[in-house]
Amino acid sequence: MEQGQNRKKEAFFGLAIGLINGFFGSGGGIAAVYFLKQLGFEGKTAHANSLLLILPLSVIAAGIYFFGRKAMPGHELLYLVMGALPGAYFGGKLLGKIKNNALEFLFSLLILASGVFMLLS
């Protein structure tokens, strides 16, 4: 694929990821992994780069939610962040050690379970 065509594909994927992230929250990360794999990245690289891509998008969306008074109060959010930070650290370390096929299987299970829980709730 020529470079100009690839840039258009990347820009389209970026737009889709941003829309999904802004609307569904971190669901944009799931879309980012899929789109990055479509661009030829292997599993671990797609997952790692989706995190880098989602960070600025999440900051923008969080600001919109916060200033629109749609986010939870800061003191409640603080406890979630305190638990999430070490989880993110150890998750990032684990990503470097897990095999690609195990990563893909676990990721697929997470998406499937999320879908089932959403449908049942």
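Tutor: A helix here is a DSSP run of H or I with at least four residues, and helices are numbered from the N terminus. The model is predicted. Met 82 is found in one such run, helix H4.

Student: What is the overall make-up of the protein in helices and strands?

Tutor: It has 5 helices and 0 strands. Along the sequence the pattern reads α-α-α-α-α. The C-alpha atoms fill a box of roughly 50 × 30 × 30 Å along the principal axes.

Student: Why does Met 82 count as partly exposed?

Tutor: Its relative accessibility is 48%. Buried needs under 20% and exposed needs over 50%. The value falls in between, so Met 82 is partly exposed.

Student: How far is Met 82 from Leu 19 in sequence and in space?

Tutor: They are 63 residues apart in sequence. C-alpha to C-alpha, the distance in space is 28 Å.

Student: What makes Leu 85 exposed?

Tutor: Leu 85 also lies in helix H4. Its relative accessible area is 57%. The cut-off for exposed is over 50%, so Leu 85 passes. Leu 55 is 30 residues away from Leu 85 in sequence and 14 Å away in space, C-alpha to C-alpha.

Student: What share of the protein's residues count as buried?

Tutor: Of the 121 residues, 17% count as buried. Each of those has under 20% relative accessible area.

Student: Which residues of H3 are buried?

Tutor: Gly 43, Ala 46, His 47, Ser 50, Ile 54 and Ala 61.

Student: How do you know that the span of H3 is close to the expected one?

Tutor: H3 has 25 residues. The expected span is 1.5 Å times one less than that number, which gives 36 Å. From first C-alpha to last, H3 reaches 36 Å.

Student: Where in H3 does the kink lie?

Tutor: At Ile 54, shortly before the proline Pro 56. The kink is about 30°. That value is the angle between axes fitted to the seven residues ending at the bend and the seven starting there.

Student: What makes Glu 42 a cap of H3?

Tutor: A side-chain oxygen of Glu 42 lies 3.4 Å from the backbone nitrogen of Lys 44. The limit for a polar contact is 3.5 Å, so the pair qualifies. Glu 42 caps the N-terminal end. Just after H3, Arg 69 takes a positive phi of about 60°.

Student: Which helices supply the lining of the largest pocket?

Tutor: H2 (27–38), H3 (43–67), H4 (74–95) and H5 (100–120) each supply at least two residues. H3 gives the largest share, 8 residues. The lining has 23 residues in total. Nearest the centre are His 47, Ser 50, Leu 51, Gly 91 and Leu 95. The volume is about 900 Å³.

Student: What classes do the residues of this lining divide into?

Tutor: There are 15 nonpolar, 8 polar and no charged residues. Gly is classed as polar and Leu as nonpolar. Charged would need Asp, Glu, Lys or Arg.

Student: How much space lies in the second largest pocket?

Tutor: About 170 Å³. It is lined by 10 residues, with Ser 58, Val 59, Ala 61, Ala 62 and Tyr 65 closest to its centre. H3 again gives the largest share, 6 residues. By class, this lining has 6 nonpolar, 4 polar and no charged residues.

Note on methods:
Residues are numbered from 1 along each chain as its sequence is written. This is a predicted model: local features need pLDDT of at least 70, side-chain atom pairs count only at pLDDT 80 or more; totals for chains, interfaces and linings use all residues. Side-chain values use heavy atoms; hydrogens and water are left out. On a 1 Å grid over the protein atoms alone, a cavity is a set of points where a 1.4 Å probe fits but cannot get out, and a pocket is an open set with protein on both sides within 12 Å along at least five of seven lines; lining residues have an atom within 4 Å of a point. Grid points are joined across faces, edges and corners, and a volume is the space filled by probe spheres set on the points. Buried means under 20% relative accessible area, exposed over 50%, partly exposed in between (1.4 Å probe, protein chains only). A polar contact is a pair of N or O atoms within 3.5 Å; within protein, one must be able to donate a hydrogen and the other to accept it, and residues adjacent in sequence count only if both atoms are side-chain atoms.
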